[in-house]
Amino acid sequence: MKCPHCKKDLEQIDFRGIVINECPQCRGRWFDRGELQKAKDNMDEDLCWLDFDPFSKKEKHFSMVPEEGGICPKCTENMAMLAYANSGVVIEKCEQCRGVWLKEGEFKKIVAYLENVLTTRSVSEYVADSFKQFVEIMAGPEDRASEARDFLVVLKLLKLRAAIEHSKIAELTNKIYQCLPFL
Ligand SMILES: [Zn+2]
Ligand SMILES: [Zn+2]
């Protein structure tokens, strides 16, 4: 397989527990079908329920970039270039073999963006997520075990978030009490 940009032969590397291909020159990386999701989940288990799937029709965060992508290293089709929400992440995907090409540093950006999504969600958003994930255990797109894992992760995050907000409220009420001279 050749790098879509510098045409060097790609080398196999071990990345987050899976074998992927990397360009020795530009350090771009090729992820076969499904490998990107796996690498993301291996990087941080808390991200498992947040999908990053440029091939899903339900996914609304990706938009086409009006630039020509490189040639797919696997099946030599032209790849499409996509931007992800307002993250600054740009990927190339092959519709034919469903592989994804990431330039150096893009994987880190994806993980950082998703982790930011986790830490900025409110308790009420997590409650809504929990319900959604619970329903997906019965009717979700993935198998029941991984849907159950997704649900438990969301529940854990909800608990963490609630604890943080609870301590903030406690701090605030303490301050209010201190400010009231008649108490
Ligand atoms: Zn390259
Ligand atoms: Zn391809």
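Student: Is the crossing in which helix 3 passes helix 4 left-handed or right-handed?
Tutor: Helix 3 passes helix 4 in a left-handed crossing, meaning that the near helix is turned anticlockwise from the far one by less than a right angle (clockwise would be right-handed). This is a predicted model, in which local features need pLDDT of at least 70 and side-chain atom pairs count only at pLDDT 80 or more, while totals for chains, interfaces and linings use all residues. Residues are numbered from 1 along each chain as its sequence is written, with chains lettered from A and ligands numbered from 1 in the order in which they are written.

Student: At roughly what angle do the axes of those two helices cross?
Tutor: The axes of helix 3 (residues 123-139) and helix 4 (residues 144-179) cross at roughly 165° and come within 9 Å; the axes are lines fitted to C-alpha atoms, for helices over the stretch in contact, and angles run from 0 to 180 degrees between N-to-C directions. The two helices are therefore roughly antiparallel, a label for angles over 145 degrees. Helices here are DSSP runs of H or I with at least four residues, and strands are runs of E with at least two, numbered from the N terminus.

Student: And which residues make that contact?
Tutor: Helix 3 contributes, among them, Tyr126, Val127, Phe134 and Ile137, and helix 4 contributes residues including Phe151, Val154, Leu155 and Leu158, where contact means C-beta atoms, placed from the backbone, within 7 Å.

Student: Switching to the sheet, what is the strand order?
Tutor: Seven strands make an open sheet in the order 1-2-3-7-6-5-4, with antiparallel pairing; two strands pair if DSSP finds at least two bridges between them. Strand 1 (11-15) and strand 4 (62-71) stand at the edges with a single partner strand each, so one side of each has no neighbour in the sheet. From one strand to the next, the twist averages 35°.

Student: How many bridges join strand 5 and strand 6?
Tutor: Strand 5 (residues 78-84) and strand 6 (residues 89-93) pair over five bridges in the antiparallel sense, and Ala83 has Val90 of strand 6 as its bridge partner.

Student: Which strands does helix 1 touch?
Tutor: Helix 1 (residues 35-43) packs on the sheet and touches strand 1, strand 2 (18-22), strand 3 (29-31) and strand 7 (100-102), its direction making about 115° with that of strand 2.

Student: What about helix 2, which strands does that lie across?
Tutor: Helix 2 (residues 106-120) lies across strand 3, strand 6 and strand 7, and runs at about 120° to strand 6.

Terms used
Angles under 35 degrees count as roughly parallel, over 145 as roughly antiparallel, 65 to 115 as roughly perpendicular and the rest as oblique. Two residues are in contact if their C-beta atoms, placed from the backbone, lie within 7 Å.
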